[in-house]
Amino acid sequence: MSVDKDTVRRIAKLARLAVPEERLEPMARELNGIFQWVEMLGEVKVEGVPPLTSVVAQKLKWRKDEVTDGGNADALMANAPGGEDHFFTVPKVVE
Amino acid sequence: MPGSSSNDLTAMTLAGARDALKARKISSRELTAAFIAAIEAGRGLNAFVTETAEVALLMADASDKRLAAGEAGALEGLPLAIKDLFCTKGTRTTAASKILGDFVPPYESTVTQNLWNAGAVMLGKTNLDEFAMGSSNETSFFGPVVNPWRAKDSNMNLVPGGSSGGSSAAVAADLCLAATGTDTGGSIRQPAAVTGTVGLKPTYGRCSRYGIVAFASSLDQAGPMTKTVRDAAILLASMASVDPKDSTSVDLPVPDYESVLEGGVKGLRVGIPKEYRIEGIPADVAALWDKAADWLKAQGAEIVEVSLPHTKYALPTYYIVAPAEASSNLARYDGVRFGYRAAHPRDITDLYERSRGEGFGAEVQRRILIGTYVLSAGYYDAYYARAQRLRTLIKRDFDAAFETCDVLLTPSTPGPAFGLGAKTSDPLEMYLQDVFTVTVNLAGLPGISVPGGLTESGLPLGLQLIGKAFDEGTLLRAAQAVETAADFRAKPAKWWAA
């Protein structure tokens, strides 16, 4: 499996990452180098091996479904690069 | 200590300073002021992203009051450096990224809150690889950190390891008593090894991840970076806690690690994994490893050879699992709620794409793309699902090994510190730095790097011990035995303060 320029463009779009046109080709080469190395995982028989989803055997904890925090809209807005009153602002989405 | 120079103060261990403060031989203000001066003199190392001298002095004065009142906490008045991945309320937290360059958290991470509750003093926030992605601290938006160590008869600047490179450099250069780090694939142990310091990655779940900027959530774990094994035991005891804000933090009591340090290793079974004797391992790394086994044997430990057959698959497995989780975690940086926003966006998509394209550095972008690819439709089973199964096999290797031994002994890194820029052109060469450490994260186990000795060129090398899950006590006891035998006292020459 090899990654080409168009694949990089496609995954960059999925990742919402602006990759300049001149970076697509070098990035494809870099990713190919990494994916070729990763190919060695194909040597291992993994049929019947369950995926590891948690390293520590632990039951997920339950808690009461209740409000424990809130009322801090000012703090939440303090780092917003665009914001008015208690609203985040973005470019117009609906015409 | 009347008449003591500030050099004597900054060279203290965490345990030594704690005892001197409790005995009222020194004040926290005096100690803190000495470190503030050392940090200023050490600015050429670029170990700190943000210095917090004013905050530090306020905290020190408050500590001196509590010490006088006999209300001292476990870390009362002890000045620490905090990796700039831990959110600190009211103090800029950047993850060494442009995208978080101006971020001032309105909340505190649980680990740092635990430290302040114990009375510790914050000196500042240390530099790191951007979002902790790197092994040399060279991917930082704020520039690389310089290792305080230089090779014999050389003026060449070396890297301090990564990603916790600012923390390792600060500890090695006596710019703090100790520091916090985080470790996703080796980011505490590898920088500790190449700076002659001690770095402990606890079992996954031992420390809360709440408020630590997330990289790969199933691998990330916070831990102490210190001058001695005892200091690591002291700091871990305060960092660790069960936390309702992190559902993966484990509800187990935190032992008094310091009290078990001197237990010795008589009868302890130390495993030597044969697969770690990799091709091309430098002679001095292999020799130190053999020597360390002899040290432990001489103190009564039993050395057993063990096999971890899937070792060679650990790094490629990691480079699927970690980027996959990173691409998901880093989706939150979109230029809307916090962080960097690109100027004059055409529309909402342009806002997302350019904020992220301009805000993330090259290595972070590379990993986001790898992660997005391995999770995308049609590739998920071939890559991510396969890597998750490999992870099971790697963990089973450790489970089997720990049936015949209590701890494992390995080198920490494939070599000593390297030159700035020496490994930046080939990502794979950089990734190989973590070949001995990454297995431990995949299996969720605790690991510690202890200074073992110097290479022929005079650079520090580390030894890694790996323990069973939540058996940090045994791990630290074995580490203490290695430290005692290694008797590592070398310090870097203070060329930067000239």
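Modeller: Let me start with a term: buried area is the accessible area that two parts lose on being put together, summed over both. This is a predicted model, and in it the area buried between chain B and chain A is about 5000 Å², with carbon and sulfur atoms giving 71% of that area.

Biologist: Which three residues supply more than any others of the area that chain B buries against chain A?

Modeller: Those are B:L369, B:Y373 and B:R386, which together supply 14% of the area that chain B buries against chain A.

Biologist: And how many salt bridges are there between chain B and chain A?

Modeller: The count is three salt bridges, and one of them joins A:K13 to B:E353, where the closest N and O atoms are 2.9 Å apart.

Biologist: Which element gives the most to that side of chain B?

Modeller: It is α13(B), which contributes 10 residues to the side of chain B that touches chain A.

Biologist: Switching to rings, how are B:F131 and B:F360 arranged?

Modeller: Their ring centres are 5.9 Å apart and their planes meet at 65°, and because planes over 60 degrees apart count as edge-to-face, this pair is edge-to-face. The two residues are 229 residues apart in the chain, with B:F131 in the loop between β3 and α6 of chain B and B:F360 in the loop between α11 and α12.

Biologist: Is B:F131 buried or exposed?

Modeller: B:F131 is buried, with a relative accessible area of 1%, and B:F360 also counts as buried, at 4%.

Technical notes:
Residues are numbered from 1 along each chain as its sequence is written. Chains are lettered from A and ligands numbered from 1 in the order in which they are written. This is a predicted model: local features need pLDDT of at least 70, side-chain atom pairs count only at pLDDT 80 or more; totals for chains, interfaces and linings use all residues. Side-chain values use heavy atoms; hydrogens and water are left out. Buried area is the accessible area (1.4 Å probe) that two parts lose on being put together, summed over both. A salt bridge is a side-chain nitrogen of Lys or Arg within 4 Å of a carboxyl oxygen of Asp or Glu. Helices (H or I, at least four residues) and strands (E, at least two) are DSSP runs, numbered from the N terminus. Rings of Phe, Tyr and Trp (its six-membered ring) pair if their centres lie within 6.5 Å; planes under 30 degrees apart count as stacked, over 60 as edge-to-face and the rest as tilted. Buried means under 20% relative accessible area, exposed over 50%, partly exposed in between (1.4 Å probe, protein chains only).
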